[in-house]
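Biologist: Before we discuss labels and cut-offs, could you put the model on the screen, so that each term can be set against a value?

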Amino acid sequence: MKKLLVLTVMMMMLLTTAAFGLSVVGSKHDLRITGGGTPTAGISEVCVVCHTPHQASTSAGQTPLWNKGLSGQATYSVYSSPTLNAVPTELGGATLGTAQVSNLCLSCHDGTVSVLSMANLPNSGGTNTATTVAGHILASGQIDPASTANIGTSLTNDHPINFTYDATLASADGGLVTPASAAYVDAGKKVPLFTGTVQCASCHDVHDNVNPPFLVMANTASALCTTCHVK
Ligand code: HEC
Ligand code: HEC
Ligand code: HEC
Ligand code: HEC
C-alpha cells in the first residue's frame with residue numbers, strides 16, 4: 001500500500017514536471033524578470049506582451065487577442081529558387097485584422113519593434129514601467145541584431161512561408177507529403193497549417209520550448225523536415 005502511495009506521488013511529480021515543460025512560463029518567451037527570457041523589470045505577467053483579454057490592438061481586432069502593433073516593414077521579399085513550386089506571398093505592409101500569423105512573430109523577430117510595446121498595458125492600463133536590463137535586447141527593446149533570434153527584415157534567406165501547401169503543390173513538387181488536411185500536415189496533428197498555408201508557427205510552437213528552439217516536434221534525424229519533405 002505504502003509503495004503504491006509512493007509510486008502515485010512520484011507519478012504526480014513527473015506529470016507536474018511535464019506540464020511545466022509544456023508552458024511558455026519560464027521559456028525565452030517569458031519576458032518577466034523571473035522568467036527564462038531576457039530579464040526585464042516592471043512586468044509581472046507572461047501572456048501580456050503578446051495577448052490581452054480586452055481591447056486588443058485595434059477596434060478591428062487582430063487574432064488571437066493580439067496586444068501589439070505590427071512591424072512597419074513595407075517589404076520583406078520572399079524566398080525564391082529555380083526549383084521552387086510554391087508561390088509565397090509578401091508579408092510586408094500587413095495591417096491589423098488581416099495580418100498572417102507570421103506577421104505576429106515578425107512584430108518582434110524582424111528586430112524593428114520593441115518586444116515590450118503593448119496596446120493594452122498590464123495592471124488595468126497602468127503605466128508600463130518595463131525596462132530591459134540584460135540579454136540580447138537593445139535599450140530600445142528591439143531584439144539585438146547580434147542575436148540569432150533577430151531574423152532581420154529580409155525573408156529571402158529563410159525557409160519559404162506564407163504560401164498554400166496542398167495536394168496540388170505536393171504533386172507539382174514530387175518530393176512533398178500530401179497534407180492530411182488544411183489544418184495539419186500530419187495525421188498526428190503536430191505540424192499545423194494556417195488555412196492551408198505554411199507559416200512560422202507551422203514549425204514553431206511559441207508557447208512550448210520543450211524542443212528548442214520552440215519547435216512543434218523534436219527534429220532528431222530531421223524528423224520535422226521529413227514530416228513534409230519526402231527526402
Ligand atoms: C511571445 C508571444 C506570446 C506569448 C508570451 C504568449 N503567446 Fe499565445 N500566441 C502567440 C502567437 C504568435 C499565437 C498564434 C500562433 C499559434 O496559434 O500557434 C498565439 C496563440 C494563442 C492562442 C490561440 C491558439 C491556441 O493555441 O489555442 C491562445 C489561446 C494563447 N495564445 C494563449 C496564451 C496564453 C494563455 C499565454 C500566457 C500563459 C500566451 N498565449 C503567451 C504568442 C504568444
Ligand atoms: C510544414 C511543412 C514543411 C516543413 C516542416 C519543412 N518544409 Fe521545407 N518546404 C515545404 C514546402 C511545402 C516547400 C515548398 C517546396 C516547393 O515548392 O518546391 C518547402 C521548401 C523547402 C526548400 C526549398 C526548395 C526549393 O526548391 O528551393 C528547402 C531546401 C527546404 N524546404 C528544406 C527544409 C528543411 C531542411 C526543413 C527542416 C528544417 C524543412 N524544409 C521543413 C514544407 C516544409
Ligand atoms: C513579444 C515579442 C515576441 C513575439 C511576438 C515572438 N517572439 Fe520569439 N522571441 C522573443 C524574444 C525576446 C526571444 C529571446 C531572444 C534572445 O534571447 O535573444 C525569442 C526567442 C525565440 C526563439 C528562440 C531563439 C533562440 O535563438 O533560441 C524562437 C525560435 C522564436 N522566438 C520564435 C518565434 C515565433 C515562431 C514566433 C511567432 C509564432 C515568435 N517567436 C513570437 C520575442 C518574441
Ligand atoms: C519549415 C520550418 C520552419 C519555418 C517555417 C520557420 N522556422 Fe524558424 N527554425 C526552424 C528550425 C528547424 C530551427 C532550428 C535550426 C537549427 O537549430 O539548426 C529554427 C530556428 C529559428 C530561430 C533561432 C535562430 C536560428 O536561426 O537558429 C528563430 C528566431 C526562428 N527560427 C524564427 C522563425 C520565424 C520568425 C519564422 C517565420 C518568419 C520561422 N522561424 C519559420 C524551422 C522553421
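Biologist: What makes N85 count as partly exposed?

Modeller: This is a predicted model, and in it N85 has a relative accessibility of 34%. Buried would require under 20% and exposed over 50%, so N85, at 34%, counts as partly exposed.

Biologist: Where is N85 found, and which residues is N85 in contact with, leaving aside its neighbours within four places in sequence?

Modeller: N85 is found in the loop between strand 1 (40-41) and helix 2. Leaving aside neighbours within four places in sequence, N85 is in contact with L169, A172 and D173, contact being heavy atoms within 4.5 Å. The C-alpha atoms of N85 and G174 are separated by 9.9 Å, although these residues stand 89 residues apart along the chain.

Biologist: What does the side chain of N67 reach?

Modeller: The side chain of N67 reaches the backbone oxygen of V48 at 2.9 Å, and the cut-off for a polar contact is 3.5 Å. Not counting residues up to four places away in sequence, N67 touches V48, C50, H51, T52, S57, S117, M118, A119 and N120.

Biologist: Turning to the ligands, which residues come nearest to ligand 1?

Modeller: Of the 13 residues around ligand 1, those that come nearest are C47, C50, H51, V101 and H207. A polar side-chain atom of H51 lies 2.7 Å from a nitrogen atom of ligand 1, while for H207 the corresponding distance to a nitrogen atom of ligand 1 is 2.9 Å. The shell around ligand 1 divides into 10 nonpolar, 3 polar and no charged residues, and at least three of its residues come from each of domain 1 (31-155) and domain 2 (165-231).

Biologist: How does the shell around ligand 4 divide into nonpolar, polar and charged residues?

Modeller: That shell holds 8 nonpolar, 6 polar and no charged residues. Of the 14 residues around ligand 4, T148, H159, C200, C203 and H204 come nearest, and a polar side-chain atom of H204 lies 2.8 Å from a nitrogen atom of ligand 4. Helix 2 and helix 5 each supply at least two residues of the shell around ligand 4.

Biologist: Which residues of helix 2 are buried, and what does their cover include?

Modeller: The buried residues of helix 2 (residues 101-109) are S102, N103, L104, L106, S107 and C108, and what covers them includes helix 5 (200-203). Just after helix 2, G111 takes a positive phi of about 85 degrees.

Biologist: How many residues has the largest nonpolar core, and which have the most contacts inside it?

Modeller: The largest nonpolar core has 21 residues, with Y165 and V191 having the most contacts inside it. Helix 4 (167-173) and helix 6 (223-228) are the elements that give two or more residues to this core, which draws at least three residues from each of domain 1 (31-155) and domain 2 (165-231). Apart from this core lies another, of 10 residues, among them L31, V48, M118 and I143. In soluble globular proteins, nonpolar side chains tend to be buried together.

How values were computed
Residues numbered from 1 in each chain as written. Chains lettered and ligands numbered in written order. Predicted model: local features only at pLDDT ≥ 70, side-chain atom pairs only at ≥ 80, totals over all residues. Heavy atoms only, no water. Near = heavy atom within 4 Å. Polar contact = N/O pair within 3.5 Å; in protein donor to acceptor, adjacent residues only side chain to side chain. Nonpolar A, V, L, I, M, F, W, Y, C, P; charged D, E, K, R; others polar. Domains from an automatic or database assignment. Buried < 20%, exposed > 50% of the residue type's maximum accessible area, 1.4 Å probe, protein only. Helix = DSSP H or I, 4+ residues; strand = E, 2+ residues; numbered from the N terminus. Core = buried A, V, L, I, M, F, W, Y, C linked by side-chain atoms within 4.5 Å.
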